[in-house]
Amino acid sequence: READLHGADLYKADLSGANLTGADLHGADLYKADLSGAKLYKADLSGANLSEAILRGANLHGANLHGANLSGANLSEANLKNVDLSGATLCNTITPWGTDNSGC
């Protein structure tokens, strides 16, 4: 909880089921990381590289994804309530509402 992982290189990291509630992950490289089922409640993922990351079933309630790269990410079944997606790149992004290509 509330870990400071600002700018961390977590390329292909297996963080499935991890409790990252309130964590500072802004600017982190989470390319192809597995965050399925992770608790990311109110986490700061602004500017993070989440391209091709697996966030299936993750709890992102209240998370900050402003400016994050979510190209090719899988957010199916994720809790996106009150998530800030402003400026985020959504291209071939699997979301609870279907595939989103609004940022391609």
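This is a predicted model: local features need pLDDT of at least 70, side-chain atom pairs count only at pLDDT 80 or more; totals for chains, interfaces and linings use all residues.
Keep Asn59 selected and show its surroundings. Leaving out residues up to four places away in sequence, Asn59 touches Ala38, Lys39, Leu40, Tyr41 and Asn79. For a distance across the model, pick the C-alpha atoms of Asn59 and Ser102, which are 22 Å apart in space and 43 residues apart in sequence.

Next, select Thr21, also placed in the segment before strand 1. Thr21 counts as buried because its relative accessibility is 13%, under the 20% limit. Apart from neighbours within four places in sequence, Thr21 is in contact with Arg1, Glu2, Lys39 and Tyr41. Lys39 and Tyr41 are also among the residues that Asn59 touches.

Now go to the cysteines. The disulfide count is one, and the bond joins Cys91 to Cys104 with an S to S distance of 2.0 Å. Cys91 lies in the segment before strand 1 and Cys104 in the segment after strand 2 (98–100), so the pair ties together parts that are 13 residues apart in sequence. Display the torsion about the S-S bond: the value is about 105°, so the disulfide is right-handed.

Finish with the accessibility of the two ends. Cys91, at 23% relative accessibility, counts as partly exposed, whereas Cys104, at 62%, counts as exposed.

Notes. Residues are numbered from 1 along each chain as its sequence is written. Side-chain values use heavy atoms; hydrogens and water are left out. Contact means heavy atoms within 4.5 Å. Helices (H or I, at least four residues) and strands (E, at least two) are DSSP runs, numbered from the N terminus. Buried means under 20% relative accessible area, exposed over 50%, partly exposed in between (1.4 Å probe, protein chains only). A disulfide is a pair of cysteine sulfur atoms within 2.5 Å.
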